[in-house]
Amino acid sequence: MLNVGCFPSSQRRKARIVSRIIFTTALVASTHLAASTSPLADAAEKRDLPTIRTLLKQHADADTPQVDGMTALHWAAYRDDLEMTTVLVKAGANASATNRY
């Protein structure tokens with residue numbers, strides 16, 4: 001938090017509001033990042049094919065979405081990655097899955 005004691009009284013209120021906005025924004029961002037429930041989709045987002053293959057060998061669900069609904073197959077298509085797409089489809093990824101976009 002900002003040290004609001006160093007401001008004149010007319011600016012203290014503004015400083016408190018700014019401080020709260022910064023804190024709330026950081027809290028929401030950290031909650032969103034921590035809420036991802038799909039290591040497979042996260043790996044696809046990062047173009048990490050070796051991790052994708054490892055997760056699929058460990059029987060990861062190919063259709064588990066991230067918070068926004070993006071699946072590994074969505075990321076493969078978005079990245080125009082034919083090899084990743086092929087691996088995911090062979091693993092049973094749903095080509096009809098939708099996301100929030």
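Buried means under 20% relative accessible area, exposed over 50%, and partly exposed in between, with a 1.4 Å probe and protein chains only. The model is predicted: local features need pLDDT of at least 70, side-chain atom pairs count only at pLDDT 80 or more, and totals for chains, interfaces and linings use all residues. Residues are numbered from 1 along each chain as its sequence is written, and side-chain values use heavy atoms, with hydrogens and water left out.

**Figure 1. Overall fold of the chain.**
The chain has five helices and zero strands. Read from the N terminus, the order is α-α-α-α-α. Helices (H or I, at least four residues) and strands (E, at least two) are DSSP runs, numbered from the N terminus. Of the 101 residues in the chain, 28% are buried.

Rings of Phe, Tyr and Trp (its six-membered ring) pair if their centres lie within 6.5 Å; planes under 30 degrees apart count as stacked, over 60 as edge-to-face and the rest as tilted. The count by this rule is one aromatic pair. W75 and Y78 form it, edge-to-face, with 5.6 Å centre to centre and 90° between the planes. Why are W75 and Y78 separated by about one helical turn? Because they sit three residues apart in helix α4 (residues 72-78). W75 counts as buried because its relative accessibility is 11%. Y78 is at 59%, so it counts as exposed.

Side chains of opposite charge can pair when their charged atoms come close. A salt bridge here is a side-chain nitrogen of Lys or Arg within 4 Å of a carboxyl oxygen of Asp or Glu. The structure holds one salt bridge. Which side chains meet in the salt bridge? Those of E83 and R53, at 2.8 Å, N to O. This pair links distant parts of the chain: E83 is in helix α5 and R53 in helix α3 (residues 49-57), 30 residues apart. E83 has 44% relative accessibility, so it counts as partly exposed. R53 is also partly exposed, because its relative accessible area is 37%.

**Figure 2. A positive surface patch.**
R12, R13, R16 and R20 form a positive surface patch. Patches are made of residues with over 30% relative accessible area and no salt bridge; like charges are joined within 9 Å, nonpolar side chains (Val, Leu, Ile, Met, Phe, Trp, Tyr) within 5 Å. Lys and Arg count as positive and Asp and Glu as negative, while His and the chain ends are not counted. R20 is in helix α1 (residues 9-34). Its relative accessibility is 53%, so R20 counts as exposed.

Most residues other than glycine have a negative phi, and most peptide bonds are trans. R47 is not a glycine, yet has a positive phi of about 60°. R47 lies in the loop between α2 (39-45) and α3. R47 counts as exposed because its relative accessibility is 52%. D80 also has a positive phi, near 55°. Where is D80 found? In the loop between α4 and α5. D80 is at 71% relative accessibility, so it counts as exposed.

**Figure 3. S96 and H74.**
S96 is in the segment after α5 (82-90). Its relative accessible area is 59%, so S96 is exposed. The C-alpha atoms of S96 and H74 are separated by 9.8 Å. Along the chain, S96 and H74 are 22 residues apart.

Notes:
Accessible areas come from the Shrake-Rupley method with a 1.4 Å probe; for residues, only the protein chains shown count as cover. The place of a charge is taken as NZ of Lys, CZ of Arg, CG of Asp or CD of Glu.
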